[in-house]
Amino acid sequence: MPTSLQFTRRGLLYGAGMTTVAAAGATLLAPAGALAASAMKGAQVAGWYRFKLGEFEVTVLSDGSYALPTTLIGANVPREQVKAYLASHFLDTEQRLSHVNIPLINTGKELILIDVGGGMNWMPNAGKLSENLKASGYAPEDVDKVILT
């Protein structure tokens, strides 16, 4: 058992520094949700994605998804071969889910929309183009040209 306890300035600074490091480490390692004061949002990200392509800005807008028959796949291949291929990859052999994305190109002088999607009444999960166009910061009347594919 020590008879006296001695403190030095170097020892105190070292101890204070290590305490700070340990506290910071504990904060960084804590689960993110444990410190959150905000309510859960519960919603998915917006149905659009924006990136630069040279001098252009491209916004890819989701129109939703379509359930299409697999008879549209591999029209030049026997149907049983297509079904066998899909089954071997654990895919539905009768229909496939197709996500439809519509590019909007901002050239700096005009907005060009490539296609118009499937429309709101075509399939239950389709017809999201207008709402995602608005969510991305544009209005339908902002579009200068539409290119149909």
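The model is predicted, so local features need pLDDT of at least 70 and side-chain atom pairs pLDDT 80 or more, while totals for chains, interfaces and linings use all residues. Residues are numbered from 1 along each chain as its sequence is written, and side-chain values use heavy atoms, without hydrogens and water.

**Surface**
- The accessible surface of the protein chain is about 11500 Å², with 61% belonging to carbon and sulfur atoms (Shrake-Rupley method, 1.4 Å probe; for residues, only the protein chains shown count as cover).
- Tyr49, Phe51, Leu53 and Phe56 make up a nonpolar surface patch with about 410 Å² of accessible area together (residues with over 30% relative accessible area and no salt bridge, nonpolar side chains joined within 5 Å and like charges within 9 Å; a salt bridge sets a Lys or Arg side-chain nitrogen within 4 Å of an Asp or Glu carboxyl oxygen).
- Strand S1 (residues 48-53) gives the most to this patch, with 3 residues.

- Buried residues (under 20% relative accessible area; exposed is over 50%, partly exposed in between; 1.4 Å probe, protein chains only) account for 20% of the 149 residues in the protein chain.
- Leucine 113 is in contact (heavy atoms within 4.5 Å) with residues including Leu61, Ile102, Val143 and Ile147, leaving aside neighbours within four places in sequence.

Definitions and conventions:
Helix = DSSP H or I, 4+ residues; strand = E, 2+ residues; numbered from the N terminus.
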